[in-house]
Amino acid sequence: MTSVTKFFPYTQRTISKAPQWKRFTSEMRHTIEVLSQVLPFRVNQYILDELIDWDTIPDDPIYRLTFPHREMLREGEFSLLSDSIRSGKGESTIREIVSNIRNRMNPHPARQLTHNVPILDGKPQFVGMDELKF
């Protein structure tokens with residue numbers, strides 16, 4: 001009988017429990033901590049055990065696709081968030097910084113029907129949800 005391993009996703013809060021966590025430098029750990037505040041992060045044991053070549057990180061292609069990297073944020077944004085985390089700023093301060101970064105990255109969340117639409121002869125060219133034909 002084959003044993004079944006229960007699926008367990010590692011996230012921002014639990015990645016430090018993964019056996020591979022000890023292979024990260026302290027700077028890599030901090031980078032993941034900072035960036036996972038802004039960007040979604042999730043990985044499972046199969047990816048960690050079978051797909052990443054830990055002898056070649058941070059250049060391993062699957063590692064690069066899975067884990068956040070410092071260059072994913074502007075240097076000033078990374079520094080501000082990093083300094084706030086390291087100095088123990090309150091959760092509300094960190095949330096505000098994260099919110100500002102996310103708004104810069106996607107300035108129109110959930111308003112895509114009224115923003116970023118093509119204009120032809122001065123008129124928006126889109127079909128509203130009420131006009132869709134099924």
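**Notes for a first look**

1. Let's start with the chain as a whole. Of the 134 residues in the protein chain, 31% are buried. Please keep in mind that this is a predicted model. The chain contains five helices and four strands, and reading along the sequence gives the order β-α-β-α-α-α-α-β-β.

2. A word on how the chain folds back on itself. Take the contacts between residues at least 6 apart in sequence: 62% of these join residues at least 24 apart.

3. Next, the aromatic side chains. How many aromatic pairs does the count come to? It comes to nine aromatic pairs. One of them joins Trp54 and Tyr63, with 6.2 Å from centre to centre and 75° between the planes, an edge-to-face arrangement. Trp54 is buried, because its relative accessibility of 9% falls under the 20% cut-off. Tyr63 is buried too, with a relative accessible area of 2%.

4. Trp54 also pairs with Phe67. Are the two rings stacked or edge-to-face? Their centres are 6.3 Å apart and their planes stand at 70°; an angle over 60 degrees counts as edge-to-face, so that is what this pair is. Where do the two partners sit? Trp54 is in the loop between helix H2 (45-51) and helix H3 (61-66), while Phe67 is in the loop between H3 and helix H4 (75-86), so the pair ties together parts 13 residues apart in sequence. Phe67 counts as buried, at 1% relative accessibility.

5. Ring pairs link Trp21, Phe24, Phe41, Trp54, Tyr63 and Phe67 into a cluster.

6. The axes of helix H1 (residues 26-38) and H4 come within 10 Å and cross at roughly 105°. This angle lies in the range of 65 to 115 degrees, so H1 is roughly perpendicular to H4. Which residues meet here? From H1 come Glu27, His30, Thr31, Glu33, Val34, Leu35, Gln37 and Val38, and from H4 come Phe78, Leu81, Ser82, Ile85 and Arg86. Sorted by class, the contact of H1 with H4 has six nonpolar, four polar and three charged residues.

7. While you are at H1, have a look at Ser36, which lies in this helix. Is Ser36 buried or exposed? Ser36 counts as buried, because its relative accessibility is 7%, under the 20% limit. A polar atom of the Ser36 side chain lies 2.7 Å from the backbone oxygen of Ile32. Leaving aside neighbours within four places in sequence, Ser36 is in contact with Gln12 and Phe41.

8. Finally, Asp55, which lies in the loop between H2 and H3. Asp55 is exposed, because its relative accessible area of 67% is over the 50% cut-off. What does the side chain of Asp55 make a polar contact with? Its partner is the side chain of Arg23, at 3.0 Å. Asp55 and Arg23 are 32 residues apart in sequence, and their C-alpha atoms are 9.2 Å apart in space.

Notes:
Residues numbered from 1 in each chain as written. Predicted model: local features only at pLDDT ≥ 70, side-chain atom pairs only at ≥ 80, totals over all residues. Heavy atoms only, no water. Phe/Tyr/Trp six-rings, centres within 6.5 Å; stacked < 30°, edge-to-face > 60°. Buried < 20%, exposed > 50% of the residue type's maximum accessible area, 1.4 Å probe, protein only. Helix = DSSP H or I, 4+ residues; strand = E, 2+ residues; numbered from the N terminus. Axes fitted to C-alpha atoms, helices over the stretch in contact; angles between N-to-C directions. Parallel < 35°, antiparallel > 145°, perpendicular 65-115°, else oblique. Contact = heavy atoms within 4.5 Å. Nonpolar A, V, L, I, M, F, W, Y, C, P; charged D, E, K, R; others polar. Polar contact = N/O pair within 3.5 Å; in protein donor to acceptor, adjacent residues only side chain to side chain.
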